[in-house]
Amino acid sequence: MSKKALVCGAGGFIGGHLVNRLKSEGYWVRGVDLKENEYGNMNADEFVTGDLCDPRVAKKVAAGINDVYQLAADMGGAGYIFTGENDASVMYNSAMCNLNVLDACYHAGVKKIFYSSSACMYPEYNQLDPDNPKCSEDSAYPAAPDSEYGWEKLFSERLYLAYHRNHGTEVHIARFHNIFGPQGTWQGGREKAPAAICRKVAEAPENGEIEIWGDGKQTRSFLFIDECVEGIRRLVESDFSGPVNIGSEEMITINDFAKMVIDLSGKNLTIKNILGPTGVRGRNSDNKLIYEKLGWKPVMPLREGMLKTYAWIREMSNATRLVSY
Ligand code: NAD
């Protein structure tokens with residue numbers, strides 16, 4: 001009989017891709033989310049539309065499951081999590097999902113549970129120099145994330161580790177660094193930088209300009225979705241609990257990143273840097289620990305993943321414009 005997996009947040013970007021991966025490995029998969037995936041990435045054997053802030057929903061979906069992947073979170077890009085306007089929702093919704101799912105898993109006797117934390121939990125003081133950010137796993141304390149989103153992630157990491165210590169629950173925790181790819185949010189206010197920049201470039205007229213938040217000298221690394229899913233599966237099949245970074249070490253300034261997308265588009269566009277929420281000055285994954293524990297780390301060049309992502313967003317943007325004419 002095939003093993004049964006539950007993906008919480010299956011209507012979202014990473015959850016939708018993870019469902020596909022688990023299906024391809026022969027799992028029977030149940031998905032749960034507040035909403036269906038808007039890009040049709042809906043391949044779970046069973047999909048429950050429900051709110052994990054309600055403990056009864058968490059109890060219902062955890063029943064009869066072997067492995068749980070908890071990706072449900074109140075989440076978005078800088079325009080959503082760094083403005084301060086959504087802090088109460090972000091903290092309440094995400095913490096409630098984690099409290100309810102984890103406790104339901106414990107009582108249902110779920111074998112193992114994966115939790116998706118974020119690089120946003122790393123202290124701001126180590127990410128002030130854009131050329132030399134520090135994000136090794138052991139640099140998390142003294143804690144000083146620059147957003148409430150990051151504080152909630154840190155709280156929930158500790159919650160999972162507490163269940164592991166006190167109840168013996170097998171947990172695996174990853175700290176994702178900017179995951180991007182097709183079938184992710186690309187408009188509407190919750191999109192993250194790679195999708196937002198692809199959309200701006202796709203929609204700009206020839207010889208036009210695109211706006212980039214901040215001075216563009218802030219640095220980040222970005223990881224393509226397939227490598228993220230590969231990392232999740234390898235971590236869950238290992239005997240390592242983490243927390244561990246799942247990210248790319250190919251750090252780039254945001255202006256250079258925008259130039260890469262412009263180049264991929266074949267358009268002639270200029271960049272205009274404007275005021276906007278940006279988060280920390282510098283961030284890059286540190287992959288020493290993942291390589292040591294799993295003998296694996298992401299290797300795909302950023303440009304390769306962006307080629308696929310830009311093509312998908314250009315197609316989505318063209319289709320949306322055709323519909324609105
Ligand atoms: P996403 O927003 O596409 O997916 C999250 C899903 O959770 C959404 O579909 C949302 O509807 C669902 N959800 C929210 N509240 C819920 C609730 N109360 N009940 C049921 N479902 C609920 O985001 P994503 O990019 O797929 O991220 C998945 C996870 O990875 C999140 O926990 C996120 O914080 C984490 N993460 C993502 C990134 C990234 O770059 N995408 C980086 C770091 C961490």
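Trainee: In which strand is the place of Arg30?

Mentor: Arg30 belongs to strand S2, residues 28-33. Strands are DSSP runs of E with at least two residues, helices are DSSP runs of H or I with at least four, and both are numbered from the N terminus. Please note that this is a predicted model, in which local features need pLDDT of at least 70, side-chain atom pairs count only at pLDDT 80 or more, and totals for chains, interfaces and linings use all residues. Residues are numbered from 1 along each chain as its sequence is written, and side-chain values use heavy atoms, with hydrogens and water left out.

Trainee: Why is Arg30 called buried?

Mentor: The relative accessible area of Arg30 is 12%. Buried means under 20% relative accessible area, exposed over 50%, and partly exposed in between, with a 1.4 Å probe and protein chains only. Arg30 is therefore classed as buried.

Trainee: Which residues are in contact with Arg30, leaving aside its neighbours within four places in sequence?

Mentor: Contact means heavy atoms within 4.5 Å. Among the residues that Arg30 contacts are Ala5, Val7, Glu46, Val48, Val61 and Ala63.

Trainee: How far is the backbone oxygen of Val61 from a polar atom of the side chain of Arg30?

Mentor: That separation is 2.7 Å. The backbone oxygen of Ala63 also faces a polar side-chain atom of Arg30, at 3.1 Å. A polar contact is a pair of N or O atoms within 3.5 Å; within protein, one must be able to donate a hydrogen and the other to accept it, and residues adjacent in sequence count only if both atoms are side-chain atoms.

Trainee: What makes Asn93 partly exposed?

Mentor: Asn93, in helix H4 (residues 87-108), has a relative accessible area of 25%, which is why it is classed as partly exposed. Leaving aside neighbours within four places in sequence, Asn93 contacts Cys53 and Asp74. The side chains of Asn93 and Asp74 are joined by a polar contact of 2.8 Å.

Trainee: Which residues around the ligand are the closest?

Mentor: The closest are Asp33, Asp51, Tyr149, Ile179 and Lys192, out of 26 residues that surround the ligand. A residue counts as near a molecule or strand if one of its heavy atoms lies within 4 Å of it.

Trainee: How far is an oxygen atom of the ligand from an N or O atom in the side chain of Asp33?

Mentor: The distance to Asp33 is 2.6 Å. An N or O atom in the side chain of Tyr149 is likewise 2.6 Å from an oxygen atom of the ligand, and a polar backbone atom of Ile179 is 2.7 Å from a ligand oxygen. Taken alone, the ligand exposes 820 Å², of which the protein buries 93%; accessible areas come from the Shrake-Rupley method with a 1.4 Å probe, and for residues only the protein chains shown count as cover. Helix H1 (13-24), strand S5 (112-118) and helix H5 (148-167) each give two or more residues to the shell. S5 gives the most, with three residues.

Trainee: How do you know that helix H8 is mostly covered?

Mentor: Nine of the 12 residues of H8 are buried, including Phe257, Met260, Val261 and Leu264.

Trainee: How far does H8 reach from its first C-alpha to its last?

Mentor: H8, residues 254-265, reaches 17 Å, close to the 16 Å expected at 1.5 Å a residue. The expected span of a helix is 1.5 Å times one less than its number of residues.

Trainee: Why is Asn207 counted as exposed?

Mentor: Asn207 has 57% relative accessibility, and therefore counts as exposed. Asn207 lies in the loop between H6 and strand S8 (209-213), and its phi is positive, about 65°, although it is not a glycine. Most residues other than glycine have a negative phi, and most peptide bonds are trans.

Trainee: What makes Gln183 partly exposed?

Mentor: Its relative accessibility is 22%, so Gln183 is classed as partly exposed. Gln183 has a positive phi near 65° and is a residue other than glycine; its loop runs between strand S7 (179-180) and helix H6 (193-203).

Trainee: What is omega for the cis peptide bond that joins Gly242 and Pro243?

Mentor: Omega is about 5° there. The bond from Tyr141 to Pro142 is cis as well, with omega near 0°.
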